[in-house]
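User: I'd like to learn how to read a fold like this one, feature by feature. Could you walk me through it?

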Amino acid sequence: MAISRGYFGIGVEGISKPMNAGNLFRTANAFGASFVFTIGAEYSVRKARSDTSVAPKNIPWYDYDDLAGMQLPKGCKIVGVELLDEATELPSFFHPLSAAYVLGRERGSLSPEMQEKCDYFIKIPTKFCLNVATAGAIVMYDRIVTHGRFARRPAGELGTPEPLKAHVQGTPIKRRKTD
C-alpha cells in the first residue's frame with residue numbers, strides 16, 4: 001500500500017480497556033501508521049492481547065501521562081474523532097497530509113482540554129458511538145482511500161475502475177557517475 005505523501009498517527013485519550021487499545025494499535029500497524037500514542041490511558045502491551053502484531057515494537061509508541069506532556073511533530077494537525085454537531089462527516093473530510101487522529105474513552109468524549117487542541121473534528125455518520133477500535137479502523141481506511149494511489153471507483157456496479165493517470169513529473173534524468 002502506498003501513501004502519496006505525509007504521515008499519520010493515531011491515539012486514544014483516557015482509554016481504560018487495553019483490549020480496545022490493542023485492537024486499534026494492531027489495525028494502525030496494518031494500515032501503515034507512522035506512530036501510535038496514548039494520553040492518560042491505562043494501557044499495557046502485556047494486557048492488550050488483541051494486538052497480535054505487537055505494534056509498539058514495530059512502530060513508535062508514545063505514552064503521555066497527560067495532555068501537557070503530549071508532543072507531536074511540527075505541522076502535525078490534530079484531528080479529533082468525536083460525535084459533535086460541528087464535526088465534519090467523514091465522507092466529506094479531506095485528511096490533512098500530516099495528521100494525528102485522537103479518539104476518546106469508551107464511555108465518554110475527548111476532554112475539553114483535548115478538544116481545545118484539535119484542529120479539526122470528524123464524525124462517522126452512524127446512529128450512535130462505535131467501539132474505539134472500530135471507529136479508528138474506519139478513519140484509517142478512509143485516509144488511505146483518500147491519500148492512497150488507488151484507481152477511482154466506478155460510478156455503478158457494472159462500471160470499471162478509472163485507471164490511474166501516468167506519472168506527470170517528466171522522464172527521469174539519467175545521471176552518470178563521475179570520478
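Predicted model: local features only at pLDDT ≥ 70, side-chain atom pairs only at ≥ 80, totals over all residues.

User: Let's start with the layout. How many helices and strands are there in the protein chain, and in what order do the elements run?

Analyst: The chain has 4 helices and 7 strands. Reading from the N terminus, the order is β-α-β-α-β-β-β-β-α-β-α.

User: And what share of the residues counts as buried?

Analyst: Of the 179 residues in the protein chain, 40% are buried.

User: Now the helix pair. How do I describe the packing of two helices?

Analyst: The general idea is that you give the angle between the two axes and the distance between them. Here, take H1, residues 18-30, and H4, residues 132-147: they pack at about 15°, with axes 8 Å apart.

User: Why are H1 and H4 called roughly parallel to each other?

Analyst: An angle under 35 degrees counts as roughly parallel, and H1 and H4 pack at about 15°, so these two helices are roughly parallel. As for handedness, the crossing of H1 past H4 is right-handed.

User: Which residues in H1 and H4 meet?

Analyst: On the H1 side you'll find Asn-20, Asn-23, Leu-24, Thr-27 and Ala-28, and they meet Val-132, Ala-133, Gly-136, Ala-137 and Met-140 of H4. By type, the contact of H1 with H4 has 6 nonpolar residues, 4 polar ones and no charged ones.

User: Can we zoom in on one of those? Is Thr-27 buried or exposed?

Analyst: Thr-27 sits in helix H1 and is buried, its relative accessible area of 14% falling under the 20% cut-off. Leaving out residues up to four places away in sequence, Thr-27 touches Ala-137 and Met-140. The C-alpha atoms of Thr-27 and Ala-137 are 6.4 Å apart, although 110 residues separate the two in sequence.

User: On to the interior. What should I look for?

Analyst: In soluble globular proteins, nonpolar side chains tend to be buried together. In this model, the largest nonpolar core holds 28 residues, and the members touching the most others are Ile-10, Leu-24, Tyr-101, Leu-103 and Ile-122. Two or more residues of this core come from each of strand E1 (7-13), H1, strand E4 (77-81), strand E6 (98-103) and H4. H4 gives the largest share, 6 residues. There's also a second, separate core of 16 residues, with Met-70, Ile-78, Met-114 and Phe-121 among them.

User: What is Ile-122 in contact with?

Analyst: Setting aside neighbours within four places in sequence, the contacts of Ile-122 include Val-79, Val-81, Leu-90, Phe-93, Tyr-101 and Val-139.

User: Leu-90 is in that set. Where is Leu-90 found?

Analyst: Leu-90 lies in the loop between strand E5 (88-89) and E6. Despite the loop position, Leu-90 is buried, with a relative accessible area of 4%. Among the residues that Leu-90 touches, not counting those up to four places away in sequence, are His-95, Ile-122, Ile-124, Ile-138 and Asp-142.

User: What is the relative accessible area of Trp-61?

Analyst: Trp-61, in strand E3 (residues 61-64), has 27% and is partly exposed. From Trp-61 to Thr-38, 23 residues apart along the chain, the C-alpha separation is 8.1 Å.

Key
Residues numbered from 1 in each chain as written. Heavy atoms only, no water. Axes fitted to C-alpha atoms, helices over the stretch in contact; angles between N-to-C directions. Parallel < 35°, antiparallel > 145°, perpendicular 65-115°, else oblique. Left-handed = near helix turned anticlockwise from the far one by under 90°. Contact = heavy atoms within 4.5 Å. Nonpolar A, V, L, I, M, F, W, Y, C, P; charged D, E, K, R; others polar. Core = buried A, V, L, I, M, F, W, Y, C linked by side-chain atoms within 4.5 Å. Buried < 20%, exposed > 50% of the residue type's maximum accessible area, 1.4 Å probe, protein only.
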